[in-house]
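Here's a quick briefing to read alongside the picture.

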Amino acid sequence: MVFSLILLFELTLIYLAFTERVKRFLTILMIQGLLLFGIAYLQLKHINILYLAFILSETIIVKGLLVPLFLNQMRKRNNLDRLAHSKVSTFVTVMAISAAIVFGFLLSSNIHDDHLQTKFLAASIAAIITGIYFVMIHRNIFTHLVGYLITENGVFLFSLAVGSEMPMLVNAAILLDIFVGVLVLGIFANRVGDRFKKMHVDDLAQLKD
């Protein structure tokens, strides 16, 4: 069951290459939050109930609901509907993301450690690479924030791969990182939208003290 959820998670990464509508990006983030909720529950249901409740709340409430709703408000505030084409073609992006998924599986399959959950490691590597790649090929600040959150989801999976002994500590740090990233970048993106009426990264060159 866990492997099926991981596979669905990686399919959402590939779907990113085919969409330009902002609402679909937010839908993908929401689906990933729900998938991470299921993965975390199935993997960690044996731990302390308070730790489990905290981690599940982080995934379903923060990743699955609050973050997409927050970004949707930003989308409405800045009148974002469809993003411009990325710097590379859809085909190249699909191949790059697929290569990241294959690389994650190949790397994890060659690591032999009793304390490491390789199935989570493979998915986390793919998500981290995809998030970074997503930032590199787009010129919109909003898309950069989406890429950052995809990378954060990869870090969450990585914590499941290596942090099963201290899940509360690892996920508390991730939750704090999400709040800081979304709030700071969100406020920053809104200010840029107010100032320039669009959210293109080239506008940042015009910012002055």
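**Helix 6, and the rest of the tour**

Helix 6 is mostly covered, with 17 of its 22 residues buried. Bear in mind that this is a predicted model, so confidence scores get a section of their own below.

**Helix 6 in length**
- Helix 6 takes in residues 141–162.
- From its first C-alpha to its last, helix 6 reaches 32 Å, close to the 32 Å expected at 1.5 Å a residue.

**How confident is the prediction?**
- Averaged over the protein chain, the pLDDT comes to 78, and 76% of the residues score at least 70.
- Which element has the lowest mean pLDDT, and which the highest? Helix 7 (residues 167–196) is the lowest at 62, while helix 1 (residues 2–15) is the highest at 91.

**Helix 1 against helix 2**
- Helix 1 and helix 2 (residues 22–44) pack with their axes 9 Å apart, at an angle of about 165°.
- Angles over 145 degrees count as roughly antiparallel, and helix 1 and helix 2 are therefore roughly antiparallel to each other.
- The crossing of helix 1 past helix 2 is left-handed.
- On the helix 1 side, the residues that meet helix 2 include L5, I6, L8 and F9. Among their counterparts in helix 2 are I28, I31, L35 and I39.

**Helix 2 against helix 3**
- Helix 2 also pairs up with helix 3: their axes come within 9 Å and cross at roughly 180°.
- That makes helix 2 roughly antiparallel to helix 3.
- Helix 2 makes this contact through residues including L26, L29, M30 and G33, and helix 3 brings in L52, I55, L56 and T59, among others.

**Two residues to look up**
- Q43 sits in helix 2. Is Q43 buried or exposed? Its relative accessible area is 15%, and buried means under 20%, so Q43 counts as buried.
- Leaving out neighbours within four places in sequence, Q43 is in contact with Q117, K119 and F120.
- K87 lies in the loop between helix 3 (49–77) and helix 4 (90–109). With 52% relative accessibility, K87 counts as exposed.
- Not counting residues up to four places away in sequence, K87 touches M136, I137 and R139.
- K87 and R139 are 52 residues apart along the chain, and their C-alpha atoms are separated by 8.1 Å.

Key:
Residues are numbered from 1 along each chain as its sequence is written. This is a predicted model: local features need pLDDT of at least 70, side-chain atom pairs count only at pLDDT 80 or more; totals for chains, interfaces and linings use all residues. Side-chain values use heavy atoms; hydrogens and water are left out. Helices (H or I, at least four residues) and strands (E, at least two) are DSSP runs, numbered from the N terminus. The expected span of a helix is 1.5 Å times one less than its number of residues. Buried means under 20% relative accessible area, exposed over 50%, partly exposed in between (1.4 Å probe, protein chains only). pLDDT is the predictor's confidence in each residue, from 0 to 100. Axes are lines fitted to C-alpha atoms, for helices over the stretch in contact, and angles run from 0 to 180 degrees between N-to-C directions. Angles under 35 degrees count as roughly parallel, over 145 as roughly antiparallel, 65 to 115 as roughly perpendicular and the rest as oblique. A crossing is left-handed if the near helix is turned anticlockwise from the far one by less than a right angle, and right-handed if clockwise. Contact means heavy atoms within 4.5 Å.
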